[in-house]
Amino acid sequence: MSLLPVADALAKVVANVTTLPAVNVPIQLARGRTLASTITALRTQPNFHASAMDGYAVRAEDASDGATLDLIGESAAGHGYAGRVGEKQAVRIFTGAPVPDGADAVVIQENTRRDGNRVIIESGVQHGANIRGRGLDFAEGTEALSPGSVIGPRDIALAAAMNHPRLPVRRKPKVAILATGDELVLPGQAVGQDQIVASNTFAIAALVEAEGGEVLDLGIASDDFPALEAAIKRARSEKADILVTIGGASVGDHDLIQTALTREGMTLGFWKIAMRPGKPLLHGRLGGMHILGLPGNPVSSVVCSVLFLVPLLRTLLGRSETGLARRKAVFAAPWPANDLREDYIRARFILDDASGIIKVAPLAPQDSSLVSVLQRADCLVIRPPFAPEAKPGDVCEIIDLRAAGY
Ligand SMILES: Nc1nc2c(c(=O)[nH]1)N[C@H]1C(S)=C(S)[C@@H](COP(=O)(O)OP(=O)(O)OC[C@H]3O[C@@H](n4cnc5c(N)ncnc54)[C@H](O)[C@@H]3O)O[C@H]1N2
Ligand code: MOO
């Protein structure tokens, strides 16, 4: 069977994906969610000319060095002065308070002396000094945040200042995760001689949550059809947007996933791709549910999730950027020529502080079962099919796992 190129596989995974509906959430719960529509300022900020300092509101023309002004009142934040500043007059003012009518500058208090109800200006000011003009920050109607962006703490600051108590975000994609295999036990359980801890579920659940999804953990199904079919039915009845299966994707006698999914009505998108690690990746649709059948090997399952599950989640969320950022780096060591499978090599950074260039040193060994090597890696070096042997200093493209927070 021929192997589907990675780019073609990715195009199929993100094709015909319907963006999830919008829901309104309190602004306190909006961090990390994907914005569903444009956020516009509901007010102007500041809505008045505001003092930037504690001092005296004056007419700049009266406030020359040594001038003495009559103090006629006070303007504090939240309690403005209603009157008007006339010739040779000043109003005591505090940071954030409205500048009274008539005044056009604020003298900071360190540059003044008080004498009862008079203030002596020790150092004069220019027109407009220490005043934040009305609308300096934003004006009502300004479009501020764009749909498809992920809401961060600074976005929340702006949206709150614009007077939004709630924000429209995409519903969280629900991802059912099913581990399969008679050899698997949960972390903390007694591990028999021929058993292995089901670590992949937890890695993939963490990725899903980091990408703004909600996890439905279907646990571990044994390698038999009744167990697999019951789990697939549960994913459907719980209305999962995506079912991720782990293991049983290859060609062995106990690799039953594809048959089980097909029996439940899956339309196969593809099976087997030209990628290392991750060759037996499976993709399909079962009703409205997207299916990703990940290979069981721990590195394969995580790399396939980074390459395919993350873009699928981001597409469901209507994110403006659906792929992981790629960047250039250079090889720190030679690396052999590649075969027909696009390779995602686990590598470490060697940062050259002087030049700012990122060098990458592939880790060894590259076996797809090695969780410890995956954990030590800073990045994945992308080796296109049939890439020639690389020499130290040759440029390559990487996915920065560290920067992505993975
Ligand atoms: N004759 C062939 N054999 C294999 C091929 C092939 O093309 N022809 N492909 C190999 C490749 S590449 C991969 S990748 C694996 C994937 O196999 P499966 O998806 O069927 O995975 P399993 O056999 O179920 O498991 C493989 C390995 O991973 C461990 N595993 C499974 N689930 C978990 C989990 N949740 N957490 C941690 N570890 C897990 C499992 O115990 C096995 O050790 O097939 C090759 N074979
Ligand atoms: O694709 Mo498998 O993931 O090479 O081990």
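User: Is the crossing of H1 and H6 left-handed or right-handed?

Analyst: The model is predicted, so local features need pLDDT of at least 70 and side-chain atom pairs pLDDT 80 or more, whereas totals for chains, interfaces and linings use all residues. Residues are numbered from 1 along each chain as its sequence is written, while chains are lettered from A and ligands numbered from 1 in the order in which they are written. A crossing is right-handed if the near helix is turned clockwise from the far one by less than a right angle, and left-handed if anticlockwise. For H1 and H6 the crossing is right-handed.

User: How many nonpolar, polar and charged residues make up the contact of H1 with H6?

Analyst: Val6, Leu10 and Val13 of H1 face Leu307, Phe308, Pro311 and Leu312 of H6, contact being C-beta atoms, placed from the backbone, within 7 Å. With Ala, Val, Leu, Ile, Met, Phe, Trp, Tyr, Cys and Pro taken as nonpolar, Asp, Glu, Lys and Arg as charged, and the others, Gly among them, as polar, the contact has seven nonpolar, no polar and no charged.

User: Which elements give two or more residues to the shell around ligand 1?

Analyst: There are 27 residues around ligand 1, of which Gly247, Ala249, Ser250, Pro295 and Gly296 come nearest, a residue being counted if its C-beta atom, placed from the backbone, lies within 6 Å. The elements that give two or more residues to this shell are helix H3 (200-210) and H6.

User: How many residues of the shell around ligand 2 are charged?

Analyst: Around ligand 2 stand Arg276, Pro277, Gly278, Lys279, Pro295, Asn297, Ser300 and Ser368. By class, this shell has two nonpolar residues and four polar ones, and the charged residues number two.

User: Where does Pro277 lie?

Analyst: Pro277 is joined to Arg276 by a cis peptide bond, with omega about -5 degrees, and it is also one of the residues surrounding ligand 2. In terms of strands, DSSP runs of at least two residues, Pro277 lies in the loop between strand E19 (275-276) and strand E20 (282-286).

User: What is the omega of the peptide bond from Gln45 to Pro46?

Analyst: Pro46 belongs to the loop between strand E2 (39-40) and strand E3 (50-51). The peptide bond from Gln45 to Pro46 is cis, and its omega is near -15 degrees.

User: What phi does Asn130 have?

Analyst: Most residues other than glycine have a negative phi. Asn130, in the loop between strand E9 (118-121) and strand E10 (131-132), is not a glycine, yet its phi is positive, at about 60 degrees.

Note on methods. Helices (H or I, at least four residues) and strands (E, at least two) are DSSP runs, numbered from the N terminus. Two residues are in contact if their C-beta atoms, placed from the backbone, lie within 7 Å.
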